[in-house]
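Try each task yourself before reading its solution.

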Amino acid sequence: MKEPQIEDPQRASPNLTWVDTAGLISEVLLLSSMIFLLPVVCGCPERCRCHSPSNSVDCSRQGLAEIPSDLPPQTLTLHLQDNRIHQLPTSAFKSVPQLTTLNLYNNSLSNLTPGVFHGLQHLRVLNLTQNSLHSLESRLFHSLPQLRELDLSSNNISHLPASLGEPWENLTVLAIQQNRLRQLDRALLESMPRMKHLFLKDNLWKCNCHLLSLKLWLETFVYKGGITDSIICVSPDTWKGKDLLEIPHELYHPCPFPSLHLQSSQVPQLGADHQAVPRLSESHSAGERDHRECEIKPKPRPANLRHAMATIVITGVVCGIVSLMMLAAAIYGCTYAAITAQYHGGRLAQTNEPTKTEGRELKSLEIERNKSMVPLNEEKPDTRRKEMGVRGP
């Protein structure tokens, strides 16, 4: 009786090793793909939505109080509107250096620290609308050389510095409407040579001599094709509700420079402390006089060159119409006089014609009568005898 032979397992199933190897390779590929996709999945913040084709991240309406720290470094557009962000730290966006559009609309920002936008060399659009900003640092936007659109509307900004950094060669849109601005330095606008759209309405504009330079700049800006909205004056009462561009610039007087005696009077001299108070009061009263002189003094003068030309043209048209009317009246008067004279001349001729006829008839009758009358001494004897009825011998 033969004993059963036990076959080697490797020889009994020669394909078993190949199947195990293929499964192991597939598992390794799956694991490597998961490892490769893990940074992409984890690169988007938990409460945000990322769109890889456009490299945009939408974190709006999430109730965020700070900037997410795990933003993808390749982000180009970042939406943070409608959140509760109160403060931004220095270099708050250093993790997204390629950012081109930043939307911070409707947050609770009350102050922007210097250097908050440090590192955003490619930023083009910045929206800070509807926050609680009161003022801006002079070099706040120094690190944004490529900025093209800046929206600061619907804040509480009461003052803008004469400069917000280096000259903005690329800025084309500036919106500062619905703030608390009373004045705006012309130097700030002159640092934006490529400005195309400027929105300034719904501020507390004080239309006095300090706003004259802004008015002149806006007239040049509009003349060159720029687009702006209306600047409605809130004070003084003389121009309340009027558009700044419609107020004649001739009605403004240049703001007086501080006089030398006022500056010297404000510096107390040694050994004359008792004179300090009167000098201060004098300087205060002089400052009030300068302030009153700085206010608008409305006088009926020509508005500007365009208004003057329009006045001349209208006056010329009116004078021309009046001259034509006077000429028509003269022609009508002469025509009427000629017709009246001709009419009266005809009637006079008709009245004189019967008189001349009667005179001629009377004259002819008188001639005939004279011819019929013969003197008695010239009558023939035979004729007298016939009349006497005497017969001759």
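The exercises below cover the cysteines, one asparagine and an annotated span.

Before you start: this is a predicted model, where local features need pLDDT of at least 70, side-chain atom pairs count only at pLDDT 80 or more, and totals for chains, interfaces and linings use all residues. Residues are numbered from 1 along each chain as its sequence is written, and side-chain values use heavy atoms, with hydrogens and water left out.

**Exercise 1.** Find how many disulfides the whole structure holds, and work out which handedness the Cys44–Cys50 and Cys207–Cys233 bonds have.

*Step 1.* Look for pairs of cysteine sulfur atoms within 2.5 Å, which is the cut-off for a disulfide. Searching the whole structure turns up 3.

*Step 2.* Take Cys44 and Cys50, with S to S at 2.0 Å. Their S-S torsion is about 100 degrees, so this bond is right-handed.

*Step 3.* Now Cys207 and Cys233, with S to S at 1.8 Å. Here the torsion is about -95 degrees, so the bond is left-handed. Cys207 sits in the loop between strand 8 (197–199) and helix 4 (212–223), while Cys233 is 26 residues away in the loop between strand 9 (227–228) and helix 5 (260–265). (Helices are DSSP runs of H or I, at least four residues; strands are runs of E, at least two; both are numbered from the N terminus.)

**Exercise 2.** Describe the surroundings of Asn107.

*Step 1.* Locate Asn107 in the loop between strand 4 (101–103) and strand 5 (125–127). At 6% relative accessible area, Asn107 is buried.

*Step 2.* List contacts, meaning heavy atoms within 4.5 Å. Leaving out residues up to four places away in sequence, Asn107 touches several residues, including Leu80, Asn83, Arg84 and Gln130.

*Step 3.* Check the side chain: it reaches the backbone nitrogen of Asn83 at 3.5 Å.

**Exercise 3.** What is the helix content of residues 308–332?

*Step 1.* The unreviewed UniProt entry annotates this span as "transmembrane region"; such annotations may be inferred rather than shown by experiment.

*Step 2.* The span is 100% helix and 0% strand, with its end C-alpha atoms 36 Å apart.

Notes. Buried means under 20% relative accessible area, exposed over 50%, partly exposed in between (1.4 Å probe, protein chains only). A polar contact is a pair of N or O atoms within 3.5 Å; within protein, one must be able to donate a hydrogen and the other to accept it, and residues adjacent in sequence count only if both atoms are side-chain atoms.
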